[in-house]
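Hi,

Here is the structure I promised to pass on to you.

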2 protein chains.
Amino acid sequence: MPLSEFQLIARYFSGLTAVGPTEGVVLGIGDDAAILRLPPGEDLVVSIDTLVSGVHFPASLSPRAIGHRALAVNLSDLAAMGARPMWFTLALTLPDANEPWLAGFAEGLGQLAHRAGIALVGGDTTRGPLSITIQVHGVATPDAALRRDGARLGDELWVTGRPGLAALGLRLLQSGARENDPACAAFLWPEPRVAMGRALLGLATAAIDVSDGLLADAGHIAERSGCGVEIDAACLPLEAELAVLSREDALALCLTGGDDYELCFTAPATAAALIESAAENLGLPCRRIGRVVEGSGARCAGFRPARTGFQHFGASIDA
Amino acid sequence: MPLSEFQLIARYFSGLTAVGPTEGVVLGIGDDAAILRLPPGEDLVVSIDTLVSGVHFPASLSPRAIGHRALAVNLSDLAAMGARPMWFTLALTLPDANEPWLAGFAEGLGQLAHRAGIALVGGDTTRGPLSITIQVHGVATPDAALRRDGARLGDELWVTGRPGLAALGLRLLQSGARENDPACAAFLWPEPRVAMGRALLGLATAAIDVSDGLLADAGHIAERSGCGVEIDAACLPLEAELAVLSREDALALCLTGGDDYELCFTAPATAAALIESAAENLGLPCRRIGRVVEGSGARCAGFRPARTGFQHFGASIDA
């Protein structure tokens with residue numbers, strides 16, 4: 001593949017630097033490094049994630065959905081910190097410079113970047129098996145960011161959205177369902193809960209994004225906070241699409257299905273009204289599903305999972 | 001591959017967070033994102049690069065050399081900006097959790113990280129074909145960083161080290177030479193010129209790191225600065241190892257060999273004595289090899305390259 005094909009690729013992404021704000025971009029694409037200026041007194045919040053074709057998404061996924069997904073899973077990490085998205089970098093490894101693929105990928109990536117107000121400031125394109133690494137950069141006021149380690153005994157446990165719906169969607173897609181089915185759409189177009197994360201600043205005591213399954217990720221809060229977490233099966237959102245399944249199957253998907261990209265968080269009971277009001281303002285379902293208890297780990301009374309979380313082949317070194 | 005193998009991987013890298021300083025690390029590995037605090041008033045300088053096995057390094061390269069290389073090529077970008085290295089993130093894609101490989105990789109990476117004073121603050125490990133993406137984060141005083149676009153007519157052109165030596169080393173390695181041969185060592189253990197980059201602040205008008213070949217990278221300075229660059233073949237460091245080659249071959253390696261990771265920069269003649277003194281203090285060869293002229297592009301009188309730069313399969317979207 002001649003170099004010129006990759007210079008061509010650059011054109012698809014150069015446009016993304018103009019999409020969204022360029023706040024704080026002193027020097028963007030075109031030098032050895034980008035120079036970025038944080039708002040005075042703010043901390044930098046960074047997260048990096050790789051998606052490998054056939055591992056983190058089906059090889060058949062549309063390039064537009066892949067572009068969306070690659071940024072969404074990273075923005076979801078910023079959401080879980082309550083950080084404000086600012087900039088991202090893109091390291092893209094491709095088997096060849098397929099123009100229709102690139103156009104679709106850049107469109108999916110660009111549309112989400114525009115909505116999230118995050119600008120592309122640098123990157124690298126290389127030849128190899130399809131894989132996308134994105135690093136997102138956000139900002140947060142010192143000591144205000146949401147972490148996994150702040151849950152306190154007696155706090156209530158919450159979750160946004162419909163955990164399990166994306167896992168159901170993947171199952172339906174694999175058996176030939178249409179992409180506009182609500183469950184399929186939940187898998188294909190995960191919506192990072194950035195605004196909700198920011199609304200939770202000062203309200204939530206701990207937060208995590210649900211990517212490996214609700215039970216496993218609630219368990220990470222428990223582990224880092226030195227407590228236990230108890231989920232009440234009766235409070236889980238198993239209605240609508242999940243309601244057609246057996247109760248056991250619906251519970252398993254909700255508690256251990258992956259790829260939800262919802263927020264799971266803890267908060268004192270006194271914050272409940274403000275949390276409900278924030279979620280309502282954003283049109284986002286959000287409900288109390290349990291509480292922080294003594295002990296360790298996360299459990300759901302009456303449910304014994306065959307597996308405790310979504311088995312990605314890879315695991316974050318964060319885990 | 002069970003998840004536990006990747007949890008095991010995490011152990012190799014968790015150690016690196018303790019290597020080197022942890023200045024500014026508010027929250028490191030173990031949450032959805034890292035929280036970093038920049039020195040007040042400093043700008044953030046970031047660069048991301050992917051190395052794919054068989055594309056950016058021979059698949060036979062030792063894991064220790066791969067770990068070194070993955071960080072070195074990124075630090076080289078910070079060096080070219082004159083930035084101070086602070087933190088890095090690592091996205092590692094591996095076919096399997098091979099422990100001897102991981103130990104070697106972590107050792108090579110960790111030794112350079114320690115010397116450069118840069119701390120690992122986050123990352124992601126995934127299963128797939130071997131590929132390493134690192135993002136480095138440095139800091140620089142506003143308006144002080146070296147860029148590609150500041151070269152001025154009449155400036156002198158400089159280069160550090162021995163461009164071409166690494167390309168010769170790769171050639172020798174491929175024909176069975178020993179790794180402790182000086183040329184082989186230049187390829188295997190590129191040394192990012194971080195201290196020299198910082199010494200050039202206030203002296204150099206433009207800088208770039210030489211990764212794609214001296215002529216091509218000098219050409220990037222010319223392009224971004226809106227001028228031409230003329231290299232004087234008689235001034236190039238073609239002695240010692242390169243001297244055994246034909247003059248034509250030595251010139252070709254020096255001007256178009258890749259993987260040098262030296263600094264090429266421009267500076268006014270009035271800065272020459274200070275530059276020579278800085279290089280001498282660092283024990284780093286550094287010489288004037290040409291000048292900034294009217295026109296466009298980079299050329300070397302009396303040399304007509306068969307190719308103008310190292311043909312990576314991939315090209316940075318920076319390019």
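Between chain A and chain B, about 5,900 Å² is buried, and carbon and sulfur atoms give 55% of that area. Buried area here is the accessible area (1.4 Å probe) that two parts lose on being put together, summed over both. Please keep in mind that this is a predicted model, in which local features need pLDDT of at least 70 and side-chain atom pairs count only at pLDDT 80 or more, while totals for chains, interfaces and linings use all residues. Residues are numbered from 1 along each chain as its sequence is written, chains are lettered from A and ligands numbered from 1 in the order in which they are written, and side-chain values use heavy atoms, with hydrogens and water left out.

How many residues meet where the two chains touch? In chain A, 63 residues are in contact (heavy atoms within 4.5 Å) with 62 residues of chain B. There are six salt bridges between chain A and chain B, a salt bridge being a side-chain nitrogen of Lys or Arg within 4 Å of a carboxyl oxygen of Asp or Glu. Arg37(A) forms a salt bridge with Asp43(B), with 2.7 Å between the closest N and O atoms. On the side of chain A that touches chain B, strand β3 (residues 43–52) of chain A gives the largest share, nine residues; strands here are DSSP runs of E, at least two residues long, and helices are runs of H or I, at least four, both numbered from the N terminus.

Now for chain A by itself. Its domain assignment, automatic or from a database, gives domain 1 (5–140) and domain 2 (156–301). The centres of these two domains of chain A, taken over C-alpha atoms, are 26 Å apart. Domain 1 and domain 2 of chain A bury about 1,600 Å² between them, 62% of it on carbon and sulfur atoms. Of the area that domain 1 of chain A buries there, Arg69(A), Ser76(A) and Ala79(A) supply 28%, more than any other three residues. The rule finds two salt bridges across this interface of domain 1 and domain 2 of chain A.

Finally, a word on confidence. Chain A averages a pLDDT (the predictor's confidence in each residue, from 0 to 100) of 91, and 92% of its residues score at least 70. Over residues 310–319 of chain A, however, the pLDDT is below 50. For the complex, the predictor gives an ipTM of 0.92 and a pTM of 0.93.

Best wishes
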